[in-house]
Amino acid sequence: MTVTTPRGFRAAGVAAGLKASGAGDVALVLNDGPDAGVAAVFTANRVKAAPVLWTQQVVRGGVVRAVVLNSGGANACTGPAGFQDTHATAEHTATALTASSPRLMLGAGEVAVCSTGLIGERLPMDKLLPGVRAAVRGLSREGGQPAAEAIMTTDTRPKTTVAGGSGWTVGGMAKGAGMLAPAMATMLCVLTTDAVAGPETLDAALRAATRVTFDRIDSDGCMSTNDTVLLLASGASGIAPTEAELTAAVTAACHDLAQQLIADAEGATKQIAIDVVGAATEEDAVEVGRSVARNNLVKTALFGNDPNWGRILAAVGTTAAAFEPDGVDVAVNGVWVCRSGAAAEDRAKVDLTGRDVTIRIDLHAGEAAATIWTNDLSHAYVHENSAYST
């Protein structure tokens, strides 16, 4: 259940010394297939890391043979020198791969680069580049799991997935436990498929998938400088699914990974689904759900097992969505604690002792609906993010 499950892909994960812990910190995914189509989506943050700027250029060419990823440093806000480091990483990767198998004949423009870690510091290239060479030597069909482990930062576990079609497969890996907020949700993700699909089809499938998955998880309202989701197609199955079939499989893979990201959110003790129904438009439903997901009073109340529906209703009221305040209903874990904007069932009936929480908000303003996924705000989150740089 990794990026190497689809045919035509090899991967590796190695320790290059970028992390003080000595854990894996350089990953490489190689497309060996007959095709090399690619699509990608990136952070909407105006402050973009050097690898994002580089990979945006690469993806425009429509061909990516390899993705090199590192943890232990974001290479963000590092100026022209940081961009040159990214360029050098791509060139080094292409050269090492070509030397390992001359039939590849890679150029730097076919290598995507992703980085994650602390913002504002340049990467130690004297460690990263030897790590790239070690990853090239370690490439294998069994390398998907070590690759997923090598991209972890504050993650407590690797995140991988597989979704199937008829005779073809989508695989994936992702990292992220904080700074999970649209547009996308610090996360990196590499998806692979052995389906036959060109860049336009891949792009349509990926954008449709991320719109209802990664773009709807919102852990802490903080948008990363490095978010990147890549979809690579090897064509090794020889099967060309319809765009609808490919979109369904990519969406399933993205949904699984998105749920793993929220489940592993920094310090989280609750995994919260906010279902907004009865909205005038889908955009209204998303806005309301996101407002509740980002409300610290709601998040801390749930950490304390308090079904404080007044905080939920107050968060709804900060939006521009169409609704009447005295027409909103709110349920927490199936108990309708608010009806028509006022107290309803006894809040003591709400059981919040488990990890999973569902908040349902009915705006009674239309037929549209959307779900936003988030988590609570705990002491552990504050501690982890106050001590992160050390």
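User: Which residues does A263 touch, not counting residues up to four places away in sequence?

Analyst: In this predicted model, A263 touches R157, Q271 and R355 once residues up to four places away in sequence are left out, where contact means heavy atoms within 4.5 Å. Residues are numbered from 1 along each chain as its sequence is written, local features need pLDDT of at least 70 and side-chain atom pairs count only at pLDDT 80 or more, while totals for chains, interfaces and linings use all residues. Side-chain values use heavy atoms, with hydrogens and water left out.

User: Is A263 buried or exposed?

Analyst: A263 counts as buried because its relative accessibility is 17%; buried means under 20% relative accessible area, exposed over 50% and partly exposed in between, with a 1.4 Å probe and protein chains only.

User: And which helix is A263 found in?

Analyst: A263 is found in helix α6, residues 243-263, with helices (H or I, at least four residues) and strands (E, at least two) taken as DSSP runs numbered from the N terminus.

User: Switching to α9, which of its residues are buried?

Analyst: In helix α9, residues 309-316, the buried ones are W309, I312, L313, A315 and V316. Seen down the axis of α9, they fall within an arc of 160°, so they line one face of the helix; the arc is that of the directions from the helix axis to the C-beta atoms.

User: What do they pack against?

Analyst: The buried residues of α9 pack against several elements, including α7 (282-293), α8 (296-303) and β14 (356-362).

User: How many disulfides does the structure hold?

Analyst: The structure holds zero disulfides, a disulfide being a pair of cysteine sulfur atoms within 2.5 Å.
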